Amino acid sequence: MPFDMTVSLLSASDYANRVLKVNHAGENGAVNIYRGQIFAARITASDMLDELREFKSHEEKHRAIFWSELQRRERPRCKSYFLCGIGGFFLGLVTGFFGSRAIAATTVTVERVVLGHLEEQLILLRDIDSAAYEAISSIVEEERLHHEQSAAYIKHDQFWPKVLTPFVAGSTEVVIWLGMRL
């Protein structure tokens with residue numbers, strides 16, 4: 001079912017709550033992708049460590065923004081929260097062992113999918129839930145920054161994007177789809 005069809009089947013507040021829960025779980029996944037990549041990059045891409053640590057700190061802040069809003073609404077975490085964390089760490093660890101271009105291709109792909117969802121959420125929530133809209137809009141620029149900085153590593157590399165993009169994009173979409181339905 002297309003994402004916008006999900007909205008029509010939910011009340012505005014139910015939709016906003018689900019989006020916040022899924023985004024919170026997704027940020028946990030992102031924190032753990034970077035955690036895994038940082039672990040592996042010590043061996044394969046030490047020149048990226050500072051950037052990966054910075055991105056991880058951004059994702060921790062994003063996760064806290066969504067958690068704060070969920071707590072304010074007295075809503076629990078998404079049921080996919082721990083799955084996102086474990087899956088994220090594994091994805092980060094594996095891609096991290098393949099080096100800087102694989103790390104960057106993973107970030108570019110995840111951020112492309114996530115930014116698409118965030119932009120759609122902002123359109124749908126603009127007039128129905130200002131607090132959810134603000135929480136989401138507060139993270140978009142840093143997510144774009146991650147995408148753009150990582151894209152610079154892979155401009156001339158055709159291998160890793162071709163290999164990783166279908167798997168990473170598909171996995172990210174599945175996790176979002178599941179989170180919206182759990």
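Let me start with the nonpolar patch, to which H7 gives the largest share, three residues; helices here are DSSP runs of H or I with at least four residues, numbered from the N terminus. This is a predicted model, in which local features need pLDDT of at least 70 and side-chain atom pairs 80 or more, while totals for chains, interfaces and linings use all residues. Residues are numbered from 1 along each chain as its sequence is written, and side-chain values use heavy atoms, with hydrogens and water left out.

The surface patch consists of Leu 83, Val 174, Trp 177, Leu 178 and Leu 182, which together have about 460 Å² of accessible area. Leu 178 sits in helix H7 and is partly exposed, at a relative accessible area of 31%, where partly exposed lies between buried, under 20%, and exposed, over 50%, with a 1.4 Å probe and protein chains only.

Turning to the spaces, the largest pocket has a volume of about 640 Å³, and of its 34 lining residues the closest to its centre are Gly 29, Ile 33, Val 110, Thr 172 and Val 175. Helices H2, H4, H5, H6 and H7 each give two or more residues to that lining.

The structure also holds one cavity of 30 Å³ or more, lined by Ala 30, Ile 33, Tyr 34, Thr 107, Val 110 and Glu 111. A cavity is a set of points on a 1 Å grid over the protein atoms alone where a 1.4 Å probe fits but cannot get out, whereas a pocket is an open set with protein on both sides within 12 Å along at least five of seven lines, and lining residues have an atom within 4 Å of a point.

Notes. Points joined across faces, edges and corners; volume = space filled by probe spheres on them. Patch = residues over 30% accessible without salt bridge, like charges linked within 9 Å, V, L, I, M, F, W, Y side chains within 5 Å. Areas by Shrake-Rupley, 256 points an atom, 1.4 Å probe, with all protein chains shown as cover. Salt bridge = Lys/Arg side-chain N within 4 Å of Asp/Glu carboxyl O.
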